[in-house]
Amino acid sequence: MHSSRLILTATAMAAAMCAAPGLAQAQEFRIGALNPVTGAGSPYGPGMQKAILLAVDEVNAAGGAGGRKLVVFTEDTQTQPQAAVLAAKKLIEVNKVQAILGTWSSGVTLAVMPLTDAAGLIQMNVSGAPAISVEDKKDLVWRFQATNDRFGQAFAEIAKKRNFTRPGTMAFNNASGRGNTDGFTKAWTAGGGKVVGSVVYEPNRPSYRSELQQVLGEKPDVIVTGSYLPDTTIFLREWYQSGEKNKWIMPGWAANPELIKALGPEVTEGLISVDTVSSETAPSYKNFDAAYLKATGKPASSNVYAAMTYDMVISLALAMEAAGPNANVEQINSKIRDVSNAPGTKVYSFAEGKSLLGRKQKIDYDGASSKLDFDKFGDASPDFGVYVIEKGQLVRKEMISLKPASGN
Amino acid sequence: MVGFFNLLINGLIEGLIIALPALSLTLVMGINRFPNASAGDTMTFGAYAALGLQYAGVAFFSFAVMGSLIAGALLSWLCYRLVFQRLSRAPMVASLIAAIGIGFMIRSVIGLVAGHDLHTFSLPLVRAWNFDGIRVLPTDLAIAGVALALLILVFCWLKLSPSGRQLRAIADNPDLAKLSGIRPQRLMGMLWLLSGALCASGGVLLGMKAVVMPELGWEMLLPAFAAMILGGIGQPLGAVVGAVLMGIAQELSIPIVGPSYKIAVAFVVMLLVLMVRPGGLFGHVEKVR
């Protein structure tokens, strides 16, 4: 008797919960936060999710955007395309979200894009694969991280500055890994240089000695990689054991504190790690840093992707404000460049932007992660930081700003 | 020439590591007659067990490895008693699916307990010995030594001890073995303990060379299966030779086809062998059921 009543109550509640979204839909905008909470992206995913929630709170506290409150539904990609597709389907079909924010790895973004495109939703990511720009046919996809191609250009710039003459490359066989080394090779050979040896390797191998041997046979003075943490750990150990003396230039997601922890300071000494850095002098970054520190106990600099996902919500909300009440997703999407790119009065927070938009002024949101000037592909171009590992610490040496992508 | 020898050494070491789970697979396949898809995750379990013991402060790495072999053996035995024994009269597919399920479970529990971050064994990093460009890693020698010792031990047991002989009798013809008074119960327990220890040792050796992650062993299942088939299903020596052969073929092909296609080459070798000898290197067609 008791239990059947319980079931009845539960059913009634479930029915009420199902009905509620339908009623509220008009006054709210639904965001799916699809982050790598577990898997290879797990050092970053939880912080990215937190940053989205912080930004949503900020927007809602300022009275919402375009007359609507933001509502967030969170899901985990597990850093795996299959799991991400299931999660995206759930967000789209069950939660009826209007934008999916915060996918991390390129494989995941490329898998989720066809779904968001078909449903006409806004997709925002921090992935690097150049293919994302090409596949984005409806201009609904926004990238807050530098492309792998630009990472490659930055690598070439660094190699030139440090007077390397015989670079070799090693790439993990996927869109992102090869994007890095292809970008490097393109920029390096355009500058008149020659790449002496290159190898593309498969994931999940017990050893990369033979692959290393291929590149080392050409006696490179530096090896540029498009690699990830597990494979880097394996081949860097094997490289050290082989007694070679060349230098390394790697992306920051491979050469990070985890790598130093796994291999120790001796192996990683002198390794050059390149990553995008947030707009650390911008007021928007300072606000975000304070909020993030309060929420997580860690500074925003500990997770470069968190600032990017924070900016996703703010620029989306500003676009909603600019598009006005009752705008549909397409109309909102068309305003994202307007509120983020120059020209316009520079603003550094949602509230600032909202009040200027209210006075019919043109604004240019400068984000916590970068200036957020989207090119014709919807790609932002953050600056790069160059770090060298010294005695087990990543020490920042210089910054590199590339010219915005032209032509292409 | 120097490059050739280096590739040969790499292939040999990789092959020897794969030989351990391949041997475990082929033993179970020959006697219980199903592909034990949880073998890969038993490898992972072994690697994490050694890692756990090391974190817990076990002084010598060899003690941690011993502990991990025992843990792997017990896990495998438990799986047999709780699941596979009950399914022994069911069709082969039932055991196969159950094994896949157990593998998933082991992997998920490891992920839940230890997280998805990568781990490494804390071992001293040593430079390779350089013989005129032919580089030999002391750790590789240790890996090869341990793998070979284990393999020899298993072969001695199978060929020389009474229980090994009885096990081979069951593999040959279970009904005839029963009629001649062999009681399979105790033997099965030993078989599964051995199978688990082999997997765990493969996992530890792989973890020493690569990195320890929850997917470590699962990724090695396919090569181990291939080695078993190449050698002839149910043929212990075949599994080992098959694994080493595929390892060497794959590495030696690198200068010709590049690292991305080396895995395919290993399978091409397998196809060619099976075309000439459909039962595998050491197998006979009529014995494959």
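Colleague: Let's start with strand β1 (residues 28–35) of chain A: how many of its residues are buried?

Modeller: Seven of its eight, so to speak "mostly covered". Buried means 20 or more other C-beta atoms within 10 Å of the residue's own, exposed 12 or fewer, partly exposed in between, with C-beta atoms placed from the backbone. This is a predicted model, where local features need pLDDT of at least 70 and side-chain atom pairs 80 or more, while totals for chains, interfaces and linings use all residues. Residues count from 1 along each chain as its sequence is written, with chains lettered from A and ligands numbered from 1 in written order.

Colleague: Which strands are joined to β1(A) by bridges?

Modeller: Strand β2 (residues 69–76) of chain A runs parallel to β1(A), with eight bridges, and strand β3 (residues 99–103) of chain A is also parallel, with three. Strands pair if DSSP finds at least two bridges between them. Strands (E, at least two residues) and helices (H or I, at least four) are DSSP runs numbered from the N terminus.

Colleague: What does Val313(A) touch?

Modeller: Leu101(A) again, plus Ile52(A), Ala55(A), Val56(A) and Val59(A), leaving aside residues up to four places away in sequence. Contact means C-beta atoms, placed from the backbone, within 7 Å.

Colleague: Switching topic, how many residues does each chain put into the A–B contact?

Modeller: Chain A gives 29 and chain B gives 28. On the chain A side, the largest share, eight residues, comes from α9(A).

Methods. Contact = placed C-beta atoms within 7 Å.
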